[in-house]
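These are my notebook entries on one structure, written for a reader who meets it here for the first time. Each entry records what I looked up.

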Amino acid sequence: MTTTIDHIESIIIDVPTVRGHVLSMTTMMTQSVVLVRVRFSDGSAGWGEGASIGGLSYGPESVESIKLAIDSYIAPVLMGRDADRIAAASGLMARAVKGNHAARAAVETALWDGLARRLGVPVAQLFGGRIHDRLPVAWTLASGNSETDIAEAERMLSERRHRDFKLKIGKRKVKEDLAHVAAIARAVGDRGTIRVDVNQAWSLTEARYGVRGLQEIGCVLIEQPVPRERLDGLRALTQGYEIAIMADEVLQGPADAMRVAAERAADVFAVKVCQSGGLMPAAEVIAIARAAGIGLYGGTMLESGLGTAAAVQLFATVPELAWGTELFGPLLLTEEILAEPLRYGDFSVAVPDGPGIGTVPDPDKVKFYRRDRPGSLMAVGTA
């Protein structure tokens, strides 16, 4: 008997972060994500997550737009459809909703999770089977204060939690950012690596100056130094310097990945499930990078443990992740929302063994942090 899609529910949750997360365009004190639960006609269910970073100040989607797209446009076209035909469901979503990659990714992930659970296998098995049991995880230093970031890096090293550090820069003058990075690089020394994420904040002129300085400091990787529209600038930096240049915001799915690869405009791809439009589109971005000889990095939209678990399942199937991952999203939150948290340690995260994405949300945590709960400050503020 065919298993069909019976119900799609989307829930916004707001979880405080352990400290201010300073980006070039905003400072985050709370991470908001959309959890999606799809129920199927045989009684099974699947979970997915849609996330953005800093709302509309970062990109074209916010949690509010993600929920609206799912409830008003995606759910109606998927109700009653064959739950096992995920490619067909993805095609329907693509026709019903243009863009809105995070919204589509959340539902697509829930469909993969549901299918894998019905089969009794991890999601990784549906993408060729996992190669890695653990994945290296970098940590982002983003307080904006050098002394605070150095102390945080020392703690991560001593706890053997992280040894690769990404610094969020681009909010200050380039010279000030270079001094900030240099101070942290001196403190970390050869015990770890230093990367930076500019989040599109530099002009090409600023980027030329900044990239040269970062290269001299010993930084190993620079993420999206110029705006996503300036592919010519990204290409010029990639071809003009020895330090690795990583594409991030410019990668809004496989078509963008093909364009960047054809232009040889990046040395590394930051692959994000939500930004790509789902697990399958992210797998296609990975395939394009591998075919083009471009390095891979498992990126994050600061998902909770749920979205992170789904990403871990996919990246565990990739033969080589030369630049590791930054799947630290759950560790940035003050509280874990999963019934069984992901296991971090020894500078890495373990791939969950269970069926589907390997975990489910804790219903009590979801109830507490959901935006529409009675008395929620976010709910009151938007009433």
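Entry 1, terms and source. I took helices (H or I, at least four residues) and strands (E, at least two) as DSSP runs, numbered from the N terminus. The model is predicted: local features need pLDDT of at least 70, side-chain atom pairs count only at pLDDT 80 or more, and totals for chains, interfaces and linings use all residues. Residues are numbered from 1 along each chain as its sequence is written, and side-chain values use heavy atoms, with hydrogens and water left out.

I looked up the UniProt record, an unreviewed entry, which places "domain: Mandelate racemase/muconate lactonizing enzyme C-terminal" at residues 147–244. UniProt positions follow the numbering used here, feature names are shortened, and annotations may be inferred rather than shown by experiment. In the model, residues 147–244 are 52% helix and 14% strand, and their end C-alpha atoms lie 26 Å apart.

Entry 3, aromatic pairs. I counted rings of Phe, Tyr and Trp (its six-membered ring) as paired if their centres lie within 6.5 Å; planes under 30 degrees apart are stacked, over 60 edge-to-face, and the rest tilted. The structure holds three such pairs. One of them joins Trp139 and Phe328 edge-to-face, at 5.1 Å centre to centre with 65° between the planes. This pair links distant parts of the chain, 189 residues apart: Trp139 is in strand 5 (residues 139–141), and Phe328 is in the loop between helix 11 (305–315) and strand 12 (344–345).

Are these two residues buried or exposed? I used buried for under 20% relative accessible area, exposed for over 50%, and partly exposed for values in between (1.4 Å probe, protein chains only). Trp139 counts as buried because its relative accessibility is 2%, and Phe328 is buried at 1%.

I then noted Phe368 and Tyr369, whose planes stand at 90° with ring centres 4.8 Å apart, so this pair is edge-to-face. Phe368 is partly exposed at 49% relative accessibility, whereas Tyr369 is buried at 8%.

The criterion is NZ of Lys or CZ of Arg within 6 Å of the ring centre and within 35 degrees of the ring normal. Which residue has its charged end over the ring of Trp139? It is Arg161, at 4.9 Å from the ring centre. Arg118 lies over the face of Phe40, 4.4 Å from the centre of that ring.

Strands of a sheet pair through backbone hydrogen bonds, either parallel or antiparallel. Here I required at least two DSSP bridges for two strands to pair. I found an open sheet of three strands in the order 4-13-12, with antiparallel pairing. Strand 4 (134–136) and strand 12 are the edge strands, each pairing on one side only. Strand 12 pairs with strand 13 (residues 348–350) over two bridges, and Gly345 stands opposite Ser348 in strand 13. In the loop between these two strands is Asp346, which has a positive phi of about 55° although it is not a glycine.

Val38 lies in strand 2 (residues 27–40) and is buried at 0% relative accessibility. Leaving aside neighbours within four places in sequence, Val38 has contacts (heavy atoms within 4.5 Å) that include Ile5, His7, Ala45 and Leu111.
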